[in-house]
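I opened my notebook to write down what I could look up in this structure. These are my entries, in the order I made them.

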Amino acid sequence: MRRPELLIPAGNLEKLRAALLYGADAVYVGIPGLSLRAASAEMSCDDLAAGIAEAHAQGVKVYGALNTFARNTDLDTVRKIIPGLTATGIDALIVSDPGLIRLIRQIAPQITLHLSTQANTTNIEAVRFWQDQGIRRIILARELTLREIGEIAAAVPGMELEIFIHGAMCMSYSGRCYLSAWRNKRSANQGDCTQPCRWEYRLTEATRPEDPILLEEDERFSYLLSSKDLCLIEYLPDVLASGVTSVKIEGRMKSSYYVAVVTRTYRQALDALIQQKEKYPCDPQWQEELGKISHRGYTTGFCFAEEMINECSPHIKNIQTHEPAGIVSDYDEIRKQMLISVRNHLKAGENIELLLPHETFTIDTQTILDADGNKIDQAHAGNQIYLPSPRHTPKGALLRKATPAGSVDPSASVFRVS
Ligand code: SF4
């Protein structure tokens, strides 16, 4: 069985390092000013150069997203940044706009181009068309079934294919949506979606605007526009059998904690699949892990659906059983203590887990020391504290704790759409 590439979102340098630590084969990053995820998910030029160097030192590839639909005013920016980008040694650029493809080809004909899912590639002839344009890899539209993906892979074997296997889904066709631009003046097509499809809506009578009607189902809210999140961990044998080269996780805006958990979980699952082939057992612990990060219930999306449907979760606003507690910034080998940058309020005695690449430890939090070594009984986000760690702990390792409201059984929300 061919080993697929596990491709992880890296919205900043910390997230890129988390992806490296927990087992990514490749990461994708935003290019300042021109990605589809806006400034909050883009790196500075210096961080990008540092991240590429660190990734390459570990044999991990870095792809840069330039997948905006460019306006005339963007073209000069692209002309200016391409030479510098190629000098960083970036492994490929992810593009969607034919104009940018033409422009990049003129400026840097040697650079590898991947076609973004924003280009909505859905059939064999479209793949051949892009192959003729010199595209190395296509990130297929989320709307395809695995059967259709398999047909494309068989018909165009020279093209690398990449698909999403985990993360948020749009209610529109692959992000082609004006809801965010309309409600919040931040356009999804310019990389700035605020995800208003996930907000709570009320129906208002024209004559009684002061008395909105809450859309309800079974006594609870309805989120009629909000899709569940994609999760294919249970179906990785089907995914790999389709012939894809790369499996991709969505979420450049998500936290380092999210990156750590999805990377580690899918790394373990893919390694088990490669070793055990057709006997792949989807370990319930993996689903449990994926329930400990923010999600909206899980679905297999279009992968097994013959009709173009998407699935909303009318009863679920958000599920997250755990939240980040902190990130390790150093480790004292002699005192066996880790220096932690705190992310959420901690109390002495609270149950905290340390996520290492291959295992999870419960940490003794009875004695919290501040950065000067003084005993404290609580710490706040932004504080630096010391806690004991049973073994060498790498910088960038994540710690987590249960959220007060975390409750839903995530394994119950993973199911097949048929
Ligand atoms: S508002 Fe929702 S459907 Fe529209 S682009 Fe954003 S995530 Fe997608």
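**Entry 1: the whole chain**

I started with contacts across the sequence: of those in the protein chain with a separation of 6 or more, 71% are between residues 24 or more positions apart. I kept in mind that this is a predicted model. Then I looked up the helices and strands, and the protein chain has 10 helices and 24 strands. I also wanted to know how much of the chain is buried. Buried residues make up 51% of the 418 residues in the protein chain.

I picked Pro9, which sits in strand 1, residues 5-9. Is Pro9 buried or exposed? Its relative accessible area is 1%, and under 20% counts as buried, so Pro9 is buried. Next I looked for what Pro9 touches, leaving out residues up to four places away in sequence. I found Tyr28, Ile249, Glu250, Gly251, Arg252 and Val259. I checked one of these, Ile249, in more detail: Pro9 and Ile249 are 240 residues apart in sequence, yet their C-alpha atoms are 6.4 Å apart in space.

**Entry 2: helix 1 and helix 2**

Here I looked at helix 1 (residues 13-22) and helix 2 (residues 45-57), whose axes come within 10 Å and cross at roughly 10 degrees. Angles under 35 degrees count as roughly parallel, so helix 1 and helix 2 are roughly parallel to each other. Which residues make the contact? From helix 1 I noted Leu13, Leu16, Arg17 and Leu20, and from helix 2 Asp47, Gly51, Glu54 and Ala55. Sorted by class, this contact of helix 1 with helix 2 has four nonpolar, one polar and three charged residues.

I followed strand 23 (residues 384-388) to its neighbours. Strand 23 pairs with strand 20 (residues 368-370) in the antiparallel sense, over two bridges. In that part of the sheet, Asp370 has Ile385 of strand 23 as its bridge partner. Strand 23 also pairs with strand 16 (residues 337-342), again in the antiparallel sense, over five bridges. There I found Gln337 standing opposite Pro388 of strand 23.

On strand 15 I stopped at Glu323. The relative accessibility of Glu323 is 18%, and the cut-off for buried is under 20%, so Glu323 counts as buried. Leaving out residues up to four places away in sequence, Glu323 touches Tyr257, Asn344, Leu399, Arg400, Lys401 and Thr403. I looked up the spacing to Tyr257 as well: Glu323 and Tyr257 are 66 residues apart in sequence and 7.7 Å apart in space, C-alpha to C-alpha.

**Entry 3: two lysines with positive phi**

Most residues other than glycine have a negative phi. With that in mind, I noted Lys185, where phi is near 55 degrees, a positive value. Lys185 lies in the loop between helix 7 (179-184) and strand 8 (202-203). Its relative accessible area is 75%, and Lys185 is exposed.

Lys336 also went on my list, with a positive phi near 55 degrees. I found Lys336 in the loop between strand 15 and strand 16. Lys336 is partly exposed, with a relative accessible area of 40%.

**Entry 4: around the ligand**

Last, I turned to the ligand. Which of the 10 residues around the ligand come nearest? They are Cys170, Met171, Cys177, Cys193 and Cys197. I sorted the shell around the ligand by class too, and its residues divide into seven nonpolar, two polar and one charged.

Methods. Residues numbered from 1 in each chain as written. Predicted model: local features only at pLDDT ≥ 70, side-chain atom pairs only at ≥ 80, totals over all residues. Heavy atoms only, no water. Near = heavy atom within 4 Å. Nonpolar A, V, L, I, M, F, W, Y, C, P; charged D, E, K, R; others polar. Pairing = 2+ DSSP bridges. Helix = DSSP H or I, 4+ residues; strand = E, 2+ residues; numbered from the N terminus. Axes fitted to C-alpha atoms, helices over the stretch in contact; angles between N-to-C directions. Parallel < 35°, antiparallel > 145°, perpendicular 65-115°, else oblique. Contact = heavy atoms within 4.5 Å. Buried < 20%, exposed > 50% of the residue type's maximum accessible area, 1.4 Å probe, protein only.
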